[in-house]
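Hi everyone, thanks for coming. Let me put the structure up, and then we can walk through it together.

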Amino acid sequence: MKRNDSDGGCGDLRPYSVIGLGTIVVDHMVALEGFPERDTKNEVHEHWFQVGGPVPTALVEVNRLGGRATFQGRWANDHLGGMIEQDLAAEGIAFDAPACEADSQTGFAHVWVEPDSGRRTSVFHRGSHEIEESEIDAEELAKHDALHLDGWATAAAIEAARGMRAKGGRVFLDLGSPKARLEELLTLVDVVNCPLRCVERAFGETDPIAGARKLLAAGPQLATVTDGGNGAWLVSETARLHCPAFRIVPVDTNGAGDTFCGALIHAVMQGWDEPRILRFASAAAALKCGGRGNRAALPDAAEVEAFLERGDGDV
């Protein structure tokens with residue numbers, strides 16, 4: 001596997017390595033004055049391409065914060081697949097290029113962004129082929145301390161989670177939407193993050209604490225629930241915490257939840273207490289929203305700690 005050989009370290013951080021399994025796409029980002037109405041024409045202010053997906057973006061944040069990351073996903077031998085490989089290599093994310101069927105296609109998304117509000121909406125195609133259960137390599141899993149999943153390619157995700165649990169590692173899940181075999185998957189997860197809209201869809205709960213408790217009842221030891229400008233909640237056996245959203249001028253909210261998850265992984269792997277875990281992850285997500293894109297805008301550990309120490313984003 002191609003690998004980042006720098007230690008990425010920072011002070012007295014505990015070293016750790018994460019392998020991620022999930023969807024990866026190329027985003028075509030389009031900045032608009034406002035979201036267009038049907039059957040209208042609207043001028044684009046600017047546009048750019050970036051590599052996206054919940055797990056790869058979280059892994060880049062893990063690298064920013066001092067961890068080491070490896071990614072396993074699917075893409076094709078096309079121009080978008082080439083963009084993905086260049087991006088992962090540039091960010092120091094280890095990977096193996098997947099074997100590609102002749103009819104394979106790399107996943108992509110069209111994302112509309114309102115620069116004034118930072119709001120965004122997107123449509124996407126995950127790619128033509130999922131990771132197969134047979135592609136999960138137990139020897140590769142054994143090299144890492146943790147596994148990060150988005151729940152897609154569910155059979156492969158479950159197999160990987162079983163393998164990570166068998167070697168005593170931690171399993172993290174970013175549950176953006178209900179998945180097939182979700183109950184089975186949650187029994188193998190240690191830490192789960194879920195936006196409130198997914199809690200409502202999966203469990204019929206509009207209260208984040210009640211929704212987090214239902215997630216915990218399924219198996220995890222710690223659950224976080226995020227809700228944009230309303231902040232984030234952390235629930236465990238001993239904690240019921242809320243962190244209000246930090247004040248920041250939003251530029252681009254795309255990737256905020258992914259950044260939250262990367263910082264959450266880092267904080268948990270450092271063994272921090274739960275209030276610090278929640279504030280750190282929330283601050284990282286806020287800082288990402290203050291910059292454009294899901295690479296240059298991702299903060300490093302020093303930026304997050306300085307933001308928290310200054311307190312200029314506190315409500």
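This is a predicted model: local features need pLDDT of at least 70, side-chain atom pairs count only at pLDDT 80 or more; totals for chains, interfaces and linings use all residues.

Residues are numbered from 1 along each chain as its sequence is written, and side-chain values use heavy atoms, with hydrogens and water left out.

Let's begin with the sheet. Helices (H or I, at least four residues) and strands (E, at least two) are DSSP runs, numbered from the N terminus. Two strands pair if DSSP finds at least two bridges between them. Here 9 strands form an open sheet with mixed pairing, in the order β5-β4-β1-β8-β9-β10-β11-β12-β13. Which strands stand at the edges? They are β5 (94-95) and β13 (240-243); each has a single partner strand, so one side of each is left without a neighbour in the sheet.

At the β5 end, β4 (residues 68-72) runs parallel to β5, and 2 bridges join them. Thr 70 stands opposite Ala 94 there. Helix α7 (residues 208-217) packs on the sheet and touches β10, β11, β12 (232-236) and β13, where contact means heavy atoms within 4.5 Å.

Now look at β12. A residue is buried under 20% relative accessible area, exposed over 50% and partly exposed in between, using a 1.4 Å probe and protein chains only. In β12, 5 of the 5 residues are buried, so the strand is largely enclosed by the rest of the structure. In a regular strand the side chains alternate between the two faces of the sheet. Both faces of β12 are covered: Ala 232, Leu 234 and Ser 236 are buried on one side, Trp 233 and Val 235 on the other.

What about its partners? β11 and β12 run antiparallel and are joined by 5 bridges, with Ala 223 bridging to Val 235. On the β13 side, β12 pairs in the antiparallel sense over 4 bridges, and Leu 234 has Leu 241 as its bridge partner. The hairpin of β12 and β13 has 3 residues between the strands.

Next, the aromatic rings. Rings of Phe, Tyr and Trp (its six-membered ring) pair if their centres lie within 6.5 Å; planes under 30 degrees apart count as stacked, over 60 as edge-to-face and the rest as tilted. The structure holds 4 aromatic pairs. One of them is Phe 246 with Phe 307, edge-to-face at 5.4 Å centre to centre and 70 degrees between the planes. This pair links distant parts of the chain, 61 residues apart: Phe 246 is in the loop between β13 and α8 (256-269), and Phe 307 is in helix α10. Phe 246 and Phe 307 are both buried.

Leaving aside neighbours within four places in sequence, Gly 313 is in contact with Phe 246, Arg 247 and Phe 307. Gly 313 is buried, with a relative accessible area of 1%.

Last stop: Glu 140 in helix α3 (residues 138-141). Is Glu 140 buried or exposed? Glu 140 is buried, at 8% relative accessible area. Its side chain makes a polar contact with the side chain of His 144 at 2.7 Å. A polar contact is a pair of N or O atoms within 3.5 Å; within protein, one must be able to donate a hydrogen and the other to accept it, and residues adjacent in sequence count only if both atoms are side-chain atoms.

Conventions
Axes are lines fitted to C-alpha atoms, for helices over the stretch in contact, and angles run from 0 to 180 degrees between N-to-C directions.
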